[in-house]
Amino acid sequence: MVNLINSIFRKLTSRTECLKYPFEKRELPEGTRGRIDIEIDKCTFCGACEKRCPSNALKVTRDPKSWTLNPYSCIICGYCIEVCPKKCIIAHKEHYSPNV
Amino acid sequence: MIRRNTIPFGPQHPVLPEPIQLHLVMENEKIVQALPAVGYVHRGLEKIAEKKDFIQDVYLAERICGICSFIHSQNYCQGIEELMKVQVPDRAKYLRVIWAETHRIHSHLLILGLLADAFGFENLFMRLWKVREQILNIMEKTTGARVILGVCAIGGVKRDITPELSEYVLRELESVEKQLPELADSLLKDYSVKQRLIGVGVLPKDKAHELGAVGPVARASGLRMDLRETGYAAYGDLDFKMVVEEAGDCYARTVVRVKELYTSLDLVRKALQRMPQGPISVPVRGSPPADEVLARIEQPRGELNFYIRGNGTRNLERFRVRTPTFANLPALLHQLTGCELADVPVIAICIDPCISCTER
């Protein structure tokens, strides 16, 4: 316990470790798997993503043309992004905001 | 006069990170018998695995545990690769070691922090978890997620570590290594900490063997068992040295975990430096044949076994999980017998219980 006393003095002069969220937001690194989205113009509604989704979070229909993601079921694994033949499914860096 | 009564310990208890109930039969302050009651977080994962595609099961296997998730998916992938006779590229094996060892570091830091919290040393708990945050940042930067990495795939891995990222990881590891001695000294040399850990929850070597203890619990009792010595993935090329202690008490288990932190840091560094160039995955075609395999891997808590049986279709016939905490429960009950009630939290934390894995 004694050797941690030094750290008290060190910490008095160093910056705080925590961020003042929500005023100061954390910078997410490139490549973070966050919110899943679609560029609907490119989508051919083939249903490959729906078939492979491990948590059955996707629903794709051809008539009418619709692509729906249930954000509560989605586990953000990124499998749909891999299998999409048109590469129109994307993962944003940020996650769903807590108030959504 | 000796009074015998039963105290239910858990499933909600400040020191328990996950729900398990221990019925402690007491004689005054001494425990004469401990009986576990599990089943609070059973999710039926083995049955779900039979309904899903064998590739979807990689994501499922990863979600068996929320702490050593990558190692679960690695073990599943290694099992399926053995079943389908897939040769994984060397670079993928090194990348798997890097992420598995970072997972081991963060798991050990987590449990050492919880141990510090269990014996009332909250400052040390926060300091250890602050260091753990750097490890989580490494994982986030290299894979895109902090704990559930989702980068292991059948036939290799999904993401590569670029030279710039490799430099970043080495820098962070150096920073972690600089901070560790101070924290390790607080954990291992402090008088009051020693009073709480030395001679508590002793598990002799013969008893550890008899009860089938695994991982740091077995190694702290002098049993030389660590599957990384078998050289799976790229461990065979990284001069891995096992950490073994003899005392078999809570202090020895803590020493094993602290020393393993350094071993893992060393392994990640060596893997980054020796990683060969080349592809990171190979395409996998077809389905698992009608055959069976027992996949084994060293998790932060000990040996993890997956029994996988295919049937020639894309669905598995059977997927069975045996986790290290399940193997360590008889050893925990033995350690609890004869100890005092005040020592129960420390002993329970020292086996590093992961109940979600155990109940699947």
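Where is the place of Pro64(A) in chain A? Pro64(A) sits in the loop between strand E2 (58-61) and strand E3 (66-69) of chain A, with helices (H or I, at least four residues) and strands (E, at least two) taken as DSSP runs and numbered from the N terminus. The structure is a predicted model, in which local features need pLDDT of at least 70 and side-chain atom pairs count only at pLDDT 80 or more, while totals for chains, interfaces and linings use all residues. Residues are numbered from 1 along each chain as its sequence is written, chains are lettered from A and ligands numbered from 1 in the order in which they are written, and side-chain values use heavy atoms, with hydrogens and water left out.

The loops of chain A hold some backbone details worth a look. Asp63(A) and Pro64(A) are joined by a cis peptide bond, with omega about 0°. The peptide bond from Tyr21(A) to Pro22(A) is also cis, and its omega is near 5°. Pro22(A) lies in the loop between helix H1 (5-13) and strand E1 (36-38) of chain A. Asn56(A), although not a glycine, has a positive phi of about 50°; this residue belongs to the loop between helix H2 (48-52) and E2 of chain A.

Turning to the interface, 23 residues of chain A are in contact (heavy atoms within 4.5 Å) with 28 residues of chain B. About 2,000 Å² is buried between chain A and chain B, and carbon and sulfur atoms give 44% of this area; buried area is the accessible area (1.4 Å probe) that two parts lose on being put together, summed over both. The rule finds 2 salt bridges across the interface, a salt bridge being a side-chain nitrogen of Lys or Arg within 4 Å of a carboxyl oxygen of Asp or Glu. Glu82(A) forms a salt bridge with Lys158(B), with the closest N and O atoms 2.7 Å apart.

Within chain B, helix H4 (residues 90-118) packs with several partners. Its axis and that of helix H10 (residues 250-274) come within 9 Å and cross at roughly 155°; axes are lines fitted to C-alpha atoms, for helices over the stretch in contact, and angles run from 0 to 180 degrees between N-to-C directions. H4(B) is therefore roughly antiparallel to H10(B), a term for angles over 145 degrees. The contact includes Tyr94(B), Ile98(B) and Leu112(B) of H4(B) and Val258(B), Leu265(B) and Leu272(B) of H10(B). By class, this contact has 15 nonpolar, 4 polar and 5 charged residues, where Ala, Val, Leu, Ile, Met, Phe, Trp, Tyr, Cys and Pro count as nonpolar, Asp, Glu, Lys and Arg as charged, and the others, Gly among them, as polar.

The axes of H4(B) and helix H5 (residues 122-143) of chain B come within 8 Å and cross at roughly 160°, so H4(B) is roughly antiparallel to H5(B) as well. The contact of H4(B) with H5(B) has 16 nonpolar, 6 polar and 3 charged residues.

Helix H3 (residues 69-84) of chain B and H4(B) have axes that come within 8 Å and cross at roughly 145°. Among the contacting residues are Phe70(B) and Gln74(B) of H3(B), together with Trp99(B) and His103(B) of H4(B). This contact of H3(B) with H4(B) has 5 nonpolar, 4 polar and 3 charged residues.

Methods. Angles under 35 degrees count as roughly parallel, over 145 as roughly antiparallel, 65 to 115 as roughly perpendicular and the rest as oblique.
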